[in-house]
Structure formats: C-alpha cells, structure tokens
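Keep the sequence and the 3D view open, and try each task before you read its solution.

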Amino acid sequence: MTADRTATPGPWSPESWRRFPHSQMIDYPDRAELDAGVDLLRSLPPLVTSWEIERLKSLIADAQSGQRFLLQGGDCAETLDDCRPDIITNKLKILLQMSLVMVHGGKKPVIRVGRFAGQYAKPRSSMTETRTVDGQQATHPSYFGDLVNRAPFDAKSRRPDPYLLVRAYKHSSMTLNFIRSLVDGGFADLHHPEYWDLAFFKAAGLPPARRAEYEQMTATLADGLRFMEALGERAVGEMNRVEFFTSHEGLNLYYEEAQTRRVPRREGYYDLTTHLPWIGERTRELGGAHMEYFRGIQNPIGIKLGPTATPSDVLALCGALNPRNEPGKIIFITRLGQGRARQVLPPLIDAARKAEVRVLWVCDPMHGNGIKTASGIKTRSFDAIASELEETFDAHQSCGTHLGGVHFELTGDDVTECVGGAAGITEHHLTRNYATLCDPRLNYQQALELAFIVARRLTPKK
Ligand code: PEP
Ligand code: CO
C-alpha cells in the first residue's frame, strides 16, 4: 500500500492513518491475507477496558502535578517463546520490588506500567538485512518483532505474516490473564525485602557510604511492611492488590487499528490493545501515519524524544495530540544519551513550561546509550545509564520542574546483556546469558540497583 504524500488531516477514523506517509511501513506481500488477519483481530474481544485507561489517565494527571511517580519497564521486545510463567512472574516481581523502593524513597505512590502484553513490534534502522550465508549474500526483510515476522534469517521466517497479528494478540491475552491473576491473588512474599536478592550491596564496587544508605533504606522499608502486616489481614489484602498497567510501542498500526473502538457511554475511540501506547523516536514525524492514528484515540500517549528533538517539536506534538491540554494525556519520554541530557533537555522543558502544556516528563536512560563491544556485541553500560538518569534529575531541578517517571528495559532474570553495576558484569561475561533478540536489558540486580539510585534522588530533602 502506498501512502498519499500530500495527505492533509481530514476526518479521523481508526484507519485514516493509511493515507499518510509511514516511515516503518511493513510490506505485507499478500493484501487479501493482511485483510483477513486484520478482520479476525477486529472480531476478537479487547485486551483492556476504557475505565482502566481512564483510571491510568487520572493517575498520570496526579503524576504531572507531582503527587505520583511512574515506573515503566520490561523487555525491549517480548517474544512468543517467552510467554512463560516464570519469565512473566519474574518481570512482575522486579517491577513490584523496584516500585516499593521508589515509594519508600519518594514518599509517594508509584504507577506501575509494564512494557508487556503487546510489546512485540520493533522499529528498525533498515527495512532489509543482508548477510553472507554459505558464501552467498542474501537479503531479507529485517526482523520487526514477533508481531510481524520471525527472527531466523531465512526467507520464510522473515516474510511479514499477518496471522502473527492474531498470534501476538493471543499471547498478549495469555500474558495479561496471568498478570491479572497474580495481581488479584496478591504476591505477599514479594513484599519482603528479606527474600530479595540484594547481593549487589556486598559488591566491592559500591562505595561504603552508599551501601550504608541502601541498607538503611531496606531496613526501614522492611519495618514499614511488617507494620502494615501487623495491622491485620485487611491492610495486607489492600497492599497486595497492587495495580499494574500495560504499555507497548504502537508501531504496527494494523494491530492498533483492529482493536480501536468506541465504547458505550463514553466519547471517542479507545485503543483497546493496551492502556498506554507510545510513539517511538523513529515514527513521531509530524504529518506521518503515527501522528494521524494517535491524534484520534483517548488513551494517554507516550512520545519518545531523542537528541534531535527541538522545543518546537515539543509544542507541535502537544498541539497535534492534545489540543485541549487534557491532564494525564501526554508523557514525554526523553532518551537523549549520557552527556547530552544536560544540554538538550532544559530548552525542551522550558518550552513546555512557558506554553503551560500539561506533560509528564519521564527519563528513558537506555536508548541513547547503546554501544558495541570490540567483538560486535550490542550492550549498554550501567554507568552511562545511571549518569543520564542523574543528569536528567539535575536538569529538572535546574528548570524548577520535576522528573515524573522512569522507563527501563529490564528483565527479572539473571541475564548478562548490560555491563557494569555493583554486581560487576564485564564484557567478558556478556556471552554467558545473552538472551535478548533486540536491545540489551538490565538484569534483576542491575534493575534493583537503579531503583535505589532513583529512590535516593526522590527522597525529600530534610
Ligand atoms: C524502544 O523503546 O525499544 C525503542 C525502540 O525506543 P526508541 O523509539 O526511543 O528508539
Ligand atoms: Co529497545
């Protein structure tokens, strides 16, 4: 399908994006097969409800005024194969533990949003990939995530397959079903820091003063939780009923479109594949297909901002996506890179502040800090991640605004994908358990250590 390069905004509909230029357009080879996949997906029940979406929007509105903090995290890309109980439980567990550390530090509630139950589509810098196979050069479509095609480098796997829209939906539904049960049933033991893996505290690399601070934080957190328990069953029950929300990059608009509906007694359309869809750094161009789709939905919207973002981009994005300046609607997720946040961020913040547009500022310290080792392995350094985070807190402090949340790529498992952290992962360890098909993720200990850094920065000054 070719987009009309001169398309101008007309009436919006869930499929009006199809008339607009699209920078990551997936080239489905068989139109009839694509229509059948989209129609099947359209006939299936929604994954989330409009009242959950509105509830999240109201929590984000609170975060915009400084009363809550947002924690968003999960895989770079979920895979169909990783839809397994242990992987899902571990991811939920690390997010919950990180949020408790942050609640304790910031003395305010944390909104927990997983990059899960739909994070199956990936933007790529090149639409095709060429490799030498058995001495011959071969070119196939790039791997766009399990929502689009499969990772093995052969013609059959890499062919975009519309039935994967339905398979990914089913896996999202299974993931979400399990998450809802875990959350409803409560996972009380996860509330107890004595069961957490805090081995990084012991690491030689952690300065003694910092270690003492973290140990103190953990002890008071454990005391607080024991106190809640002592209050009786009801309090524990309440504590166990934590809320989790889902999010994913709304990259494949056929997927989003198929589940975009009106609901009774509410205005407008909702994207019912997820609570919080976001627009990636590569697809946020004004006048593009993604802007067209996103301008018509009621969900809160995340927008990634990379180092080329300008103050006028910030204002134009708010104007296009939130013309009524609705609270809780827009989240800017900055991913600028270590050393760049200091210069790039303050003018963006100032533009939003002066125009009085309502936004939540969130820091993604992962995507501006990718590096390759000498042997060609994609990794990220914990130090670079931590320092972009610190720089971002500083930038907000100097502008008189507040950082409202963090966005991490992480797993609850013991992978070796990012280097550094007190647990001491070196380049040499990377091949031990490098499991991601896309970007390198923080492992359990690295994620928990970052939560302590965030908690330290959130702690109100006495
Ligand atoms: C991502 O979040 O995995 C991603 C691709 O991010 P960005 O759009 O910021 O590059
Ligand atoms: Co990523």
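**Exercise 1. How many cavities of 30 Å³ or more does the structure hold, and what lines the second largest cavity?**

Step 1. Start with the terms. On a 1 Å grid over the protein atoms alone, a cavity is a set of points where a 1.4 Å probe fits but cannot get out; a pocket is an open set with protein on both sides within 12 Å along at least five of seven lines; and lining residues have an atom within 4 Å of a point. Grid points are joined across faces, edges and corners, and the volume is the space filled by probe spheres set on the points.

Step 2. Count: the structure holds 3 cavities of 30 Å³ or more.

Step 3. Take the second largest cavity, whose volume is about 50 Å³. Its lining consists of Asp75, Glu78, Thr79, Asp82, Cys83, Ile88, Lys91, Tyr120 and Thr175.

Step 4. Sort that lining by class. Ala, Val, Leu, Ile, Met, Phe, Trp, Tyr, Cys and Pro count as nonpolar, Asp, Glu, Lys and Arg as charged, and the others, Gly among them, as polar. The second largest cavity then has 3 nonpolar, 2 polar and 4 charged lining residues.

**Exercise 2. How far can you trust the coordinates?**

Step 1. This is a predicted model, in which local features need pLDDT of at least 70 and side-chain atom pairs count only at pLDDT 80 or more, while totals for chains, interfaces and linings use all residues; side-chain values use heavy atoms, with hydrogens and water left out. Residues are numbered from 1 along each chain as its sequence is written, and chains are lettered from A and ligands numbered from 1 in the order in which they are written.

Step 2. Look at the confidence, pLDDT, which the predictor gives to each residue from 0 to 100. The chain has a mean pLDDT of 92, with 94% of its residues at 70 or more.

Step 3. Compare the elements. Helices (H or I, at least four residues) and strands (E, at least two) are DSSP runs, numbered from the N terminus. Where pLDDT is low, the predicted coordinates should not be read in detail.

**Exercise 3. Which residues line the largest pocket closest to its centre?**

Step 1. Note the volume of the largest pocket, about 550 Å³.

Step 2. Find the centre: of the 24 lining residues, Pro123, Arg282, His367, Lys378 and Asp439 are the closest to it.

Step 3. Ask which elements take part. Both β12 (370–372) and β13 (378–380) give two or more residues to this lining, and β13 has the largest share, with 3 residues.

Step 4. By class, the lining of the largest pocket has 6 nonpolar, 7 polar and 11 charged residues.

**Exercise 4. Which residues are the protein donors of the cobalt ion (ligand 2)?**

Step 1. Donors are N, O and S atoms within 2.8 Å of the metal (3.2 Å for Na, K and Ca); water is not among the atoms, so sites may look incomplete.

Step 2. The cobalt ion (ligand 2) has Cys76 (SG), His367 (NE2), Glu409 (OE) and Asp439 (OD) as protein donors, 2.1 to 2.4 Å away.

Step 3. Follow the sequence: the donor spacing is C-x290-H-x41-E-x29-D. His367, in the loop between β11 (360–363) and β12, and Asp439, in the loop between β14 (405–409) and α13 (444–458), are 72 residues apart and link distant parts of the chain.

Step 4. Cys76 is buried at 0%, and Asp439 is buried at 15%.

**Exercise 5. Is Lys107 buried or exposed?**

Step 1. Locate Lys107 in the loop between α3 (85–106) and β2 (110–115).

Step 2. Lys107 is exposed, at 59% relative accessible area. Its phi is positive, about 55 degrees, although Lys107 is not a glycine.

Step 3. Now try Ala117, in the loop between β2 and β3 (128–133). Ala117 has a positive phi of about 60 degrees and is not a glycine, but Ala117 is buried, at 1%.

Notes. Buried means under 20% relative accessible area, exposed over 50%, partly exposed in between (1.4 Å probe, protein chains only).
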